[in-house]
Amino acid sequence: LAFSIIMLHTDLHNPNIRPEKRMTLDNFIRNNTNYGAEISQGKDMPVELLEDIYREIAEEEFEMHANGTSGTDISNARWRDMLRSVEADPGS
């Protein structure tokens, strides 16, 4: 899911990707519903959770901050917010 979130962010906010080629909500849900029995014990990710993640990323691009050593990184506050939303509804 973490990799999928990064890919979604890149897909929705990269100006080099044509609007008609951007990932839709349906694409994101389809890509994240069946991870297999060994990962998700055969349960799909809750659709409501995936919808919330998609909307959050579509509405707000990750903030990048210079950290003084290696260029830029995603703000810690943004990662904490995303993790809290997932932890609040881990998928029953």
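Select L25 to start: leaving aside residues up to four places away in sequence, L25 touches L50, E51, Y54 and R55 (a contact means heavy atoms within 4.5 Å). You're looking at a predicted model, where local features need pLDDT of at least 70 and side-chain atom pairs pLDDT 80 or more, while totals for chains, interfaces and linings use all residues. Numbering runs from 1 along each chain as its sequence is written, and side-chain values use heavy atoms, with hydrogens and water left out.

L25 sits in helix α2. With 25% relative accessibility, L25 counts as partly exposed (buried is under 20% relative accessible area, exposed is over 50%, and partly exposed lies in between, using a 1.4 Å probe and protein chains only).

**Zoom out**

Show the whole chain as a cartoon. You'll find five helices and two strands, running α-α-α-α-β-β-α from the N terminus (DSSP runs: H or I of at least four residues for helices, E of at least two for strands). The chain has 92 residues, and 28% of them count as buried. Among contacts between residues at least 6 apart in sequence, 49% join residues at least 24 apart.

**The ring pair**

Next, pick F28 and Y54. The chain has one aromatic pair (ring centres within 6.5 Å; planes under 30 degrees apart are stacked, over 60 edge-to-face, the rest tilted). The ring centres of F28 and Y54 are 6.1 Å apart and their planes meet at 50°, so this pair is tilted. It ties together distant parts of the chain, with F28 in α2 and Y54 in α4 (residues 47-59), 26 residues apart. Both F28 and Y54 are buried.

**Into the core**

Centre on I53 and look for L1, I5, F28, M82 and V86, which I53 touches when residues up to four places away in sequence are not counted.

**Along α1**

Colour S4, I5, L8, H9, D11 and L12, the buried residues of α1. They lie on the same side of α1, because they cover an arc of only 170° around the axis. What covers these buried residues includes α2, α4 and α5 (76-88).

**The loop at T33**

Jump to T33, in the loop between α2 (25-31) and α3 (37-40). Is T33 buried or exposed? At 18% relative accessibility, T33 counts as buried. A polar atom of its side chain lies 3.5 Å from the backbone oxygen of R30. T33 also touches K43, D44, M45 and L50, again not counting residues up to four places away in sequence.

**Last stop: S85**

Finish at S85, in helix α5. S85 counts as partly exposed, at 34% relative accessibility. Bring I53 back into view: S85 and I53 are 32 residues apart along the chain, and their C-alpha atoms are separated by 8.4 Å.

Notes: A polar contact is a pair of N or O atoms within 3.5 Å; within protein, one must be able to donate a hydrogen and the other to accept it, and residues adjacent in sequence count only if both atoms are side-chain atoms. Rings of Phe, Tyr and Trp (its six-membered ring) pair if their centres lie within 6.5 Å; planes under 30 degrees apart count as stacked, over 60 as edge-to-face and the rest as tilted. The arc is that of the directions from the helix axis to the C-beta atoms.
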